[in-house]
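Please look at the sequence and the model before reading on.

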2 protein chains.
Amino acid sequence: MTKEIQVNLNHIAPVVSETAVTALMPEVADALSKIHNATGAGNDFLGWVDLPTRTPASLVDEINATAADLSNQCDVVVAIGIGGSYLGAKAVIEALGDSFAEAKPGAPRVVFAGQNIGEDYLFELQEYLRGKRFGIIVISESGTTTEPAIAFRLLKAQLEEQVGKERAKDLIVAITDAHRGALRQLATEEGYRTFVIEDSVGGRFSVLSPVGLLPIAVAGFDIKALLAGAAQMQRATINANATNQAALYAAARNALYRAGKKIEILVNYNPKLHYFGEWWKQLYGESEGKDHRGIFPAAVDNSTDLHSMGQWIQDGERTIFETVLTVGKVHHSVTIPTDEANLDGLNYIAGKHVDEVNKMAELGTRLAHVDGGVPNIVITVPELNENYLGQLIYFFEKACGISGYMLGVNPFNQPGVEAYKKNMFALLEKPGYEAETEAIKKRL
Amino acid sequence: MTKEIQVNLNHIAPVVSETAVTALMPEVADALSKIHNATGAGNDFLGWVDLPTRTPASLVDEINATAADLSNQCDVVVAIGIGGSYLGAKAVIEALGDSFAEAKPGAPRVVFAGQNIGEDYLFELQEYLRGKRFGIIVISESGTTTEPAIAFRLLKAQLEEQVGKERAKDLIVAITDAHRGALRQLATEEGYRTFVIEDSVGGRFSVLSPVGLLPIAVAGFDIKALLAGAAQMQRATINANATNQAALYAAARNALYRAGKKIEILVNYNPKLHYFGEWWKQLYGESEGKDHRGIFPAAVDNSTDLHSMGQWIQDGERTIFETVLTVGKVHHSVTIPTDEANLDGLNYIAGKHVDEVNKMAELGTRLAHVDGGVPNIVITVPELNENYLGQLIYFFEKACGISGYMLGVNPFNQPGVEAYKKNMFALLEKPGYEAETEAIKKRL
């Protein structure tokens, strides 16, 4: 059994005492009960709760086999999806990948589409794919969400043109509803391989389902270890007590919010975690930002952003707290060389590993921010690998469910996302939106 | 004379009326007077104000010639810098570059270093550069800032090892103080080509100086047009009246802040503007986040983030406003194909350009957000090219100076950035920090 990621609340005083956090444990217990007994709002979206332990080995094998087949046939695989059908895979692939290489040796490059409506983006993607051996993973429960549907129409046509319709169907994998919807129907008619999006697993909780697992496996990473880490965290976050790290985090952030800390900044000191921050923002923002409440989630990449948002964090309005992801060890070794002239004055750290300096930047920053009135929650991740990322993903999902119930919202819906879509359909005169079209035209 | 970017305040009511914005014009006039007459706090950092019009053509020619020379000799150029010595160039290069190609045809790939202390990042960069024809632009006023100094030590040693010390000096360009500092001294001793960082141009206002211009020129973009756009905006933002777009924006955002809108979200509908958002966050966060006040700057990339932060923006705490960058026209043409089966139901938009759909997503979102209680400032940029980016950069810089003075802070310092550095030096036992080292060790 590997170590677990740990939450440290030593640095949230004096705003919130540990006693105050402990005092919230009855609320945590209530929230956990709602999650485990499906008695809270949104209880038809709890499929993620035991996903790590109930995912059959046969499904993992099938995903890996499909990934291996795509790898053999493709130099590039386009993952088409938006929201949770994009950010989870993107976050894991960026966290585990090389900063400069396009792909892991032996694996295809995974690029993303359908996460925007950029005409130039799609044009440039099509140019990039021209003549290349590429495949498509299309991810959509309905098959009709505008952004991925546009991208898939374009890229499906391009693939069929490049390799012929017969061969194209072997290069397209659909991840969609088990029975219903446009993409399921198309996949059946065309004979695509498919994986299932369960009704009970919402988009932002789907990275540990085939939605995230297939693109991650295609990129060459170990999804068994990812699930094993998540399963370990699933088992460790059942009880409402101080050993449940997700409970501690959920309680602490609610206590801070109630004390007037309105913005939570997820902080990393590793550029590979940038998209993990983006995934986390969706998870928390979409789960909690409703009924005119919820912590505003933001993220920074340090030390880069110490020379950007750092000033605001140190000295701006005292309405923020930070949650710091501290990664124990790095994978490679670079030591700072000695320089005879020493004009830059760095010889005092010559011979040190770069990460030793990074760790002192991190510790120095935490002290400075706490001194400046910014409470810090610290989450220790021993290393960036599949196992710990699996732990971290499940940790944040579980804490999000708890936290949302403590806030008093339904953490599993997203009614606000429909507002722009309704207007967009009205403006585009979509069939069925005639009344809305008339109303919006009058308004403009 | 090209068109100018325009600010539209029609959508900030009912929170703030246009009359309320106009009522702030005396404050704007006072702030503009401080900027133009150098009578406000930080008045030794106003070199950016007339930078576009006073930059001599000879300097631009010299930058372009240096860029052409690096282009001829290198396949990759590493720009080493942090904060303003990183974000401006990165923002412009991303805005103008291809989404998938590594570089513009005929130009080297520009990669960045010294903007973090990532041991894995630096290891992977060094692996990537091994055997490649690469050059270095090192940007630091002092030459001793920890992050870029570490990166430069490592990459200078690597370059000298790969091509020899004699040849390496022709592949390194230093942008630094005119007379003082470690990097100036090193450049003189080694015989590097250099460009000057003026004392009066602070990092976050430096993108239109050689700091930003050289990497942008190396990447193959037209810095003359960038400066011309900025110069046009410089001339258009002198007077405190309603034709001064920077004045309008500064007044509106201060009015919204005073009305309780604590978070400003810069919104784009073009993935290429992601780093422009990062540049903007530094500009405003570092200029205004002090004395326990200042708007918290955040940014989203839509429609991607409509499926992430969109829920929070639509329904979360009503303490936010948005500033929407709307880009008039795209560069390429992609139309949505017709599909006979029409399972995805998209045939109602078949034949349309992708950007037409994007524009309806944008308009639909703005209406939905305004309806949801989120005031929207809209900034119209006719097209993403060098000229309009130059306009936009100067527009935001000028508005930032005005806005900071209206807020009552010194917009041109960043005292909070020193706090983490002091602790880091103490923890690393830097010579000269003996007392701080002793104090911080006692504390831990």
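## A parallel strand pair in chain B

Strand 7 of chain B and strand 8 (residues 296-301) of chain B run parallel and are joined by six bridges. In this pairing, B:Ile265 stands opposite B:Ala298 of strand 8 of chain B. The model is a predicted one.

Strand 7 (residues 263-268) of chain B is largely enclosed by the rest of the structure, because six of its six residues are buried. In a regular strand, side chains alternate between the two faces of the sheet. From strand 7 of chain B, B:Ile263, B:Ile265 and B:Val267 point one way, while B:Glu264, B:Leu266 and B:Asn268 point the other way. The residues on both sides are buried.

## The strand pair in chain A

Strand 7 of chain A is joined to strand 8 (residues 296-301) of chain A by six bridges, and the two run parallel. Here A:Ile265 stands opposite A:Ala298.

Six of the six residues of strand 7 (residues 263-268) of chain A are buried, so this strand is largely enclosed by the rest of the structure. A:Ile263, A:Ile265 and A:Val267 point one way, and A:Glu264, A:Leu266 and A:Asn268 point the other way.

## Chain A as a whole

Chain A contains 18 helices and 10 strands. Its radius of gyration is 23 Å, close to the 22 Å that the globule rule gives for 444 residues, so chain A is as compact as a globular protein of that length. The C-alpha trace of chain A spans about 60 × 60 × 50 Å along its principal axes.

Of the 444 residues of chain A, 64% count as buried. Among contacts in chain A with a separation of 6 or more, 78% come from residues 24 or more positions apart.

## Aromatic rings and charges

Over all chains, a search of the whole structure finds 38 aromatic pairs. One of them is formed by A:Tyr249 and A:Phe395, a tilted pair with 5.5 Å centre to centre and 35° between the planes. This pair links distant parts of the chain: A:Tyr249 is in helix 12 (residues 245-258) of chain A and A:Phe395 is in helix 16 (residues 386-407) of chain A, 146 residues apart. Both A:Tyr249 and A:Phe395 are buried. They belong to one aromatic cluster, which also holds A:Phe276, A:Trp279, A:Trp280, A:Tyr284 and A:Phe396.

Charged side chains also lie over rings. A:Lys132 lies over the face of A:Tyr128, at 4.0 Å from the ring centre. In chain B, the charged end of B:Lys90 sits over the ring of B:Tyr275, 4.7 Å from its centre.

## Buried places

B:Thr176 lies in strand 5 (residues 172-177) of chain B. Is B:Thr176 buried or exposed? B:Thr176 is buried, because its relative accessible area is 0%. Leaving out residues up to four places away in sequence, the residues that B:Thr176 touches include B:Ser140, B:Glu141 and B:Phe195. The C-alpha atoms of B:Thr176 and B:Ile139 are separated by 6.1 Å, although these residues are 37 residues apart along the chain.

Helix 10 (residues 210-218) of chain B is mostly covered, with nine of its nine residues buried. Among them are B:Pro210, B:Leu213 and B:Val218. Just after helix 10 of chain B, B:Gly220 has a positive phi of about 100°.

A:Gln115 lies in the loop between strand 3 (109-113) and helix 6 (119-129) of chain A. A:Gln115 counts as buried because its relative accessibility is 6%. Apart from neighbours within four places in sequence, its contacts include A:Gly81 and A:Tyr121 of chain A, and B:Ser303 and B:Thr304 of chain B.

Most residues other than glycine have a negative phi, and most peptide bonds are trans. The peptide bond from A:Ala13 to A:Pro14 is cis, with omega near 5°. A:Pro14 lies in the loop between strand 1 (6-11) and helix 1 (18-22) of chain A. The bond from A:Asn302 to A:Ser303 is cis, with omega near 5°.

A:Ala38 has a positive phi, near 55°, and lies in the loop between helix 2 (25-37) and helix 3 (51-54) of chain A. B:Asn342 has a positive phi of about 50°. B:Asn342 is partly exposed, with a relative accessible area of 26%.

Note on methods: Residues numbered from 1 in each chain as written. Chains lettered and ligands numbered in written order. Predicted model: local features only at pLDDT ≥ 70, side-chain atom pairs only at ≥ 80, totals over all residues. Heavy atoms only, no water. Phe/Tyr/Trp six-rings, centres within 6.5 Å; stacked < 30°, edge-to-face > 60°. Helix = DSSP H or I, 4+ residues; strand = E, 2+ residues; numbered from the N terminus. Buried < 20%, exposed > 50% of the residue type's maximum accessible area, 1.4 Å probe, protein only. Lys NZ or Arg CZ within 6 Å of the ring centre and 35° of its normal. Rg over C-alpha atoms; globule rule 2.2 N^0.38 Å. Contact = heavy atoms within 4.5 Å. Pairing = 2+ DSSP bridges.
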